[in-house]
Structure formats: C-alpha cells, structure tokens
Amino acid sequence: MNLWLIPILPFAGFLINGLAGRRMPKAFINAVAIGSVLLSFAWVLKTLLAAGSLEQPLAEHYFTWIQSGPIHIGCDFAVDRLTAVMLLIVTGVGSLIHIYAIGYMEHEGGYYRFFSYMNLFMFFMLTLVLASNYLLMFVGWEGVGLCSYLLIGFYFTENFATTAGNKAFIVNRIGDFGFSLGMFLIFRQFGSFDFGQVFNAAASMPKEVGYGILTTICLLLLVGACGKSAQIPLYVWLPDAMAGPTPVSALIHAATMVTAGVYMVVRSHVLFVHAPIAMDWVAGIGLATAFFAATIGMTQFDIKKVFAYSTVSQLGYMFLGAGVGAFSAGIWHIMTHAFFKALLFLGAGAVIHGLHGEQDLRQMGGLWKHMKVTAITLLCASVAISGFPFTSGFFSKDAILSAAYERAPWIYWVGVGTAGLTAFYVFRAWFMAFTGKYRGDKHPHESPLIMTGPLMVLAALSLFGGFINIPRWLEPMFPEHGGENPVLVWTSAGVGMLGIFLAWVFYVRAPELPGKFASALGGLYRLVLNKYRIDELYNFLIVRPLVGGSRAILWRGMDAAVIDGAVNQVGARSRGVGAVLKLAQSGYIRSYAAWIVFGSVLLLLAVGLGGAR
Amino acid sequence: MAPAHAVPLNWYLILSAILFCLGIAGFLYRRSIITVFMSIELMLNAVNLTFITFSYHWKQVDGHIFSFFVMVVAAAEAAVGLAIILTIFKNRKSLEIDEISSMKY
C-alpha cells in the first residue's frame, strides 16, 4: 500500500521549501507546503478506503535498520484501527491548519522557514504514529520535539521566544530520559522493540500486584508521556510554548504533538493493563492535571494562555480516560479535542491577527461587531469543549467520565467539577473578547477567507464530530465498557451549562463581580493568577541549584581549576624550566667549547674508571 | 711487530695528546678568531698523528685513508671558516671572539 508515501510527502515538501524556498515566490512555497500535506491526507484516505475494516493490521517492512547480534530492528510501518484514527486527525487537521497559516503568516518574515518546519513536523508526527516498533516511534517522538523547539523559537530575535523554546526542549528531555529507560527495560525483558512481539509476550504474563518489571516499565513510559503531553509535573513548558506563531500552537501544542503521550500510553495498553498500579498513576496524574490546569485557566488574561492551560487540562482528561481503562474514550477525546482546540487556537489567532498582535483579553471586548465569522466559529468550539449536549466534546468527555465513575465515583465528581471550570474559563474568554464594549485602541477587522474557511470546517467538526463513534471503531482493540448511565451524562452536561451561565453572569450581566471576587479571595486569587508559583518553585528547587552547582563545581571547580589548571600548569612549568636552561645558551663560543671539553673529560673518566672492557 | 730500535708507540701518542691539549688550550684561551681557528687545525692534526701511528703500528692502511679524509674536511672547513671570518671582519671591524655572541636566547 506504500505507507511510506504518507510521511515522505511532507518530508519532500520540507526539503524543497527548506533548500530552495528562500528564493521562491510565496505562491510556490504555498503550493509545496500545502500540496504535500494535502497529498499525504489524500493518500491516507486512499489507503484506509482500500484497507477496509482493518481487522488485521496493515504492516509493511521496508529494510533492516539495525542488525547486531540478537538485536534486529526493522524500519516497519503498520496501520491498525488506532493508527488509522491518528492518521486522519494528523493529516486532516494538519491540512486545515496549513491552509489557515497561509493567511496568518502572510506578513511575517521567514515565510519559507515556517512552512518547511511545519512540513518537517508532519513528517515526524506521521512517523511516530505509523511506526510499529518503539525505536522508530522514538525517532518520530524526538523529531516532533525538535520541530516544536524550532517553531516555538520561530521569532528567534525575541528573547522570550528562544527562552520558551529552550524550556520546552529541556523539560522534554526529562520525559525522554524516562522514555529511553523504559525502552531499555522493554528490550531487556522482551528482547525486542517490535510492538507485536512485545505485546504478545506481555499478554501472557500475569497481572502484577506490586511494583514489578511491567509496572516499572509503564511508570518510565509514563514519565515520557508526561513530558510530551504536558502533565504534572512536567507541564510547565506548554503555556510558555505559546510564544510560537498561533498555527503552531494549534497544530503542535494542541491538536497533534501533545497527544503523542496519550497515544503512546494507549499504544502500550497491553503493558499498562498488566500493571494496575501504573494505571492508577496515569489516572491520578491525569485527574490532578485536569483540575489544576483548569483553575489556572480561569485567571489568565492572555487569550492564548487561557487556551494553553485548557489544553493541559484536556490532556489530563485523556490521561484520566486511559488510566481508568477507557482507552478508546481517550482516543475519542484526542480526536474531538483536536477539532475544538485547534479551532479555539485558530480563532484566537484570527482575533490576534485582526487586532494586529493584541493578545490581552482586557484589551478586547465587543469584537462581535467586527468579526462575526470568528465569533461564531469560536462559539462552536466553546460549546464543544464545555460538553454542551450533542456537540463533540459532550460525547468524548462523558465517555471518559462514565468510565471514571465505574472506577471510583469521586474521580467522576472531580472530573465533573473540572468540566464546569472548563466551561467557565472558555466562555469567560469568549465573553471578554466578543461582548461588551471594545476596550482597546486598534482597528479590528475580520480575517480573509483563507483563514475563516478552515475555521468553518473545524466548527462543523466540533459540533458534529462526536457522531463519529470512535469507541465502536476501536472495539476490537479495546473492549467497550458497560452502557452509559444517563444520569451521569446529564449531570456533567448540566454542570458544564452551569459553568457557561456563571461565566455569563460574571462577565456580561455583572462585569464588576469578578473584581469583587478577586479582592475577596485575595491571596488565593493571586496564587492562582501566578500559576501557583510553580515556575518560581522549579526555579528555586531545580534550576537555580543546577545552574549554581554547575557554575561552582563544573565550571569553576572542574573546568577552570582542574582541566584548565592542568594545561596551564604544564605550560607554566615548561617555561620555568626553559628560563633556567636557556642561560646555557650564552652565545660565547668559548663557553660552549669549555662545556664540550668538560663533557669529554667526564666521558673519558667514566669509560676509564668504569672499565671499558 | 715494530722493530726494537724504533720509537715506542707511547711517545707518538703522548706527543699527539700534547698537541691536542695545546689545541684545546688555544681554543679556550685565545681571543682572536684566527688563533682559535688555528687551534682547531692543531687538534685535527693531533688526531691525524694518532691515526697514522696506529696505522703504522698495525700495518694497516685504514688509518692513512682516514687521515686523508680529515685533511679534506680540514681544507673545506678552512675555506668556509676563512670566508666567515672575512665577512665578520668586514661587518664588525673586529675579530674578538667574545664580541660575536649574538646567537643566543
């Protein structure tokens, strides 16, 4: 089926634009960048249509990548039902965002650079989901991290952008360290990286009660997933990653790359099912992240930061779903989240574009009059993420929450509370941006069709994408849970609507209320506003000791004192010895002759006394 | 073996050693480059005498050949050395060997 074409097409786009794009007109760059992604999307569709029901995974072996003793690692791609969903999300949403980016990046410098990085990202992301062994997946995993770094630091002349890029890269290294260790353990335990072999071997193992080898593997993989998918305690890089252009935030930091951690956990579900303790960790981290990030999202004023914390929170939901065993619900939420979160970011991008770079919600307001399409499409995304009945978020979120209820009712209630917070902060942002009076001093204008077009498509998907029943499609891989409990479903939907109502009261009906609440809560409000001071805490606990220790021990102690010291001492001692020895070079011939005579006499004496024979 | 009435071997060697030491002394104590140069010749010829002595004593021709080599080298050295001395005198108007000490550290 030539699966290799799917990632190779964007890679070709990357090469062409990266090498020749600088000298080419924009139309050429557009054609290459968007064309390659669209072709890739078309090839995914063609492949999936031809493959039919995918009862058996569609596997292709290209070449042996590494062959050394017992190690045999191939360059293998495979498509099963899970991969099919991911492929459609990545190429489909990716195509829309690429098209949107034409309009958004119109006036930006480094146009070809932007699109070549975006294409490179598509290549690595598709490699990640297509790979059928852990090592090849890791290649894609690291590659998307690289592209994320490059695109966060896209405005590399700005200090905050490069800092944010470094932060994302370094925090991800911590996660990748865990992922690598997990892979090593997998190889030690199963002697292979191949998904099929590893999972077959793991399926025959008994469920672990304590902290055994499988649990260790899963916890290490979870560290990797936490880094990539921005979960506690490694979530700190994602809000800063908003320094990149908005299409990047939509594509990489909302719709696709950050879901890679969830995908990896779901892909490794055989391992996780056999390690119940690790599952509890996944669920716990997911739940904590979902709630914690939602509270921060309520207080932010940068429209992209609101949605960034919202992404962290929604990723927490996905982890929660995977952790309580509802893997298919987690993947469903990946899909719906890709729709509405990409839309939220693209809509935010349209607002920012229309306001010439303004991101502060306090400088917006009343934009409804100026950008109706953006307002309506963002409204669609907002109702979807709030779990309004029969929108996409309603289905996927309730699938997760129902599964959570079966695990333990309190998890469900925390999840429902978070859903209320979600609805509140999203509609807070919407009301602050689009209703009331305009508070800024720019001249807002609607975005061109090339930007609003993708918004409209995504709006339709956000509203109706929930009718794509992913759990049924994935049923052969992940047996479905018991039936849905209508009481639970409507409770969570009701809480979501309560959140919307409260946001309306706070920001439309009585705009003076939020200020009163903030001053009434005082310290607590400031704590949340400052993101619980986690960045400061990390700075204090990790960054500063690390930097200080490196400076004192590694630099001044090791590098300057020991290494440089040794080299300098060798040089200085040589000069000292030379300074003494050079005195023998007097320039007086007679003194040289005297030395020769002296030496000869000494030699003769030695030979004579020692006895030459 | 050497004939009984012949001059003993040691005498030649002692003479040669005396000549060589005179050469060394001249090299070390005289200041004029010309004299130093002559002292070198003296040392070379002292060595030549030793070669000839042993050649005669052992009735072998090697020593003769070697002394010819030394003479050739001495002649070549004299040519080069005198040329250098001339040049030095032209440039410095002096043949004081201690004044020619610029080749140092």
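The model is predicted, so local features need pLDDT of at least 70 and side-chain atom pairs count only at pLDDT 80 or more, while totals for chains, interfaces and linings use all residues. Residues are numbered from 1 along each chain as its sequence is written, and chains are lettered from A and ligands numbered from 1 in the order in which they are written.

Let us start where the chains meet. Ten residues of chain B contact ten residues of chain A, a contact being a pair of C-beta atoms, placed from the backbone, within 7 Å. On the chain B side there are six nonpolar, two polar and two charged residues. Here Ala, Val, Leu, Ile, Met, Phe, Trp, Tyr, Cys and Pro count as nonpolar, Asp, Glu, Lys and Arg as charged, and the others, Gly among them, as polar.

Within chain A, the domain assignment gives domain 1 (149-529) and domain 2 (536-610); such bounds come from an automatic or database assignment. The C-alpha centres of these two domains of chain A lie 62 Å apart.

Helix H18 (residues 409-434) of chain A packs against helix H21 (residues 486-509) of chain A at about 35°, with axes 7 Å apart. The axes are lines fitted to C-alpha atoms over the stretch in contact, and angles run from 0 to 180 degrees between N-to-C directions. The residues of the contact of H18(A) with H21(A) comprise 19 nonpolar, six polar and one charged.

Now for the backbone. Most residues other than glycine have a negative phi, and most peptide bonds are trans.

| Residue | Phi | Location |
|---|---|---|
| B:Lys93 | about 55° | segment after H3 (62-92) of chain B |

A:Phe390 is partly exposed, with 13 other C-beta atoms within 10 Å, whereas B:Lys93 is exposed, with 7. By this count, 20 or more means buried, 12 or fewer exposed, and in between partly exposed, with C-beta atoms placed from the backbone. The peptide bond from A:Ile232 to A:Pro233 is cis, with omega near 5°.

Finally, strands E1 (residues 58-68) and E2 (residues 71-79) of chain A run antiparallel, joined by nine bridges; pairing requires at least two DSSP bridges. A:Thr64 has A:Gly74 as its bridge partner in E2(A).

Notes:
Contact = placed C-beta atoms within 7 Å. Helix = DSSP H or I, 4+ residues; strand = E, 2+ residues; numbered from the N terminus.
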